[in-house]
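Please open the model in your viewer and keep the selection panel at hand. The stops below follow one after another.

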Amino acid sequence: MRGGKRLSRSDVPLQWLYEWVQALVGVVLAVVLLFTFAVRVVLVSGPSMRETLQDQDCLLVLNAPLCGGFETGDIVIIQRDDFRDGEPIVKRIVATEGQTVDIDFDAGTVYVDGQLLEETYIREPTHLEEGLEFPVTVPEGCVFVLGDNRNDSDDSRDPDLGPVDTREILGRAVALLFPGVTAASGERDFGRIGPLD
């Protein structure tokens, strides 16, 4: 080679190995940074979000600081000491701060600011009362969450409804990465993999 050192045949594999290791270290570093600051993986535990989510579904979650706020319909991951001894739980936001939530448990319907909430995602109408007095106005800095499977909540440590401080939200679930076993069929439905509505 002109003006430089000529590479021998034995140097080429070493240079290739060095470049491959350098690329691998860069990818590992990028993945670590991504999962430290941007996203996390969470497993669903329990039936409170059936049929939208199944027990042991693996979710990709966008960390709260990157969500830009939370909206009605968002599926969020909440962590606080009085929920399952601090384990993360998954719920859906049905109202945001300042809105008023009312539930007619006889009819099984939910109202937000006097408007009937169209809940196509729930397993069945809301009949199980859990001790809150309605109507409830969502306090500042909070959202009101419900599970999608509200009548099967038998764990008082994992209530299906109530106001939650947004500082206790770890993030918003954006995609299903790997399905848990579907309760109705006893099998994994891989067709469910993808973005969450």
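In which loop is the place of Asp-113? Select Asp-113 and you will find it in the loop between β6 (109-112) and β7, where helices (H or I, at least four residues) and strands (E, at least two) are DSSP runs, numbered from the N terminus. This is a predicted model, in which local features need pLDDT of at least 70, side-chain atom pairs count only at pLDDT 80 or more, and totals for chains, interfaces and linings use all residues. Residues are numbered from 1 along each chain as its sequence is written, and side-chain values use heavy atoms, with hydrogens and water left out.

Phi of Asp-113 is near 55 degrees, a positive value in a residue other than glycine, and Asp-113 counts as partly exposed at 43% relative accessibility (buried means under 20% relative accessible area, exposed over 50%, partly exposed in between, with a 1.4 Å probe and protein chains only).

Next, select Gln-56 in the loop between β1 and β2; Gln-56 is not a glycine, yet its phi is positive, about 75 degrees. In the loop between β1 (39-43) and β2 (58-63) lies Glu-51, and the peptide bond that leads from Arg-50 to Glu-51 is cis, with omega near 0 degrees.

Strand β3 (residues 75-78) runs antiparallel to β4 and is joined to it by 4 bridges (two strands pair if DSSP finds at least two bridges between them), with Ile-78 opposite Ile-89 in β4. Strand β9 (residues 142-146) also pairs with β4 in the antiparallel sense, over 4 bridges, and here Ala-95 stands opposite Phe-144 in β9.
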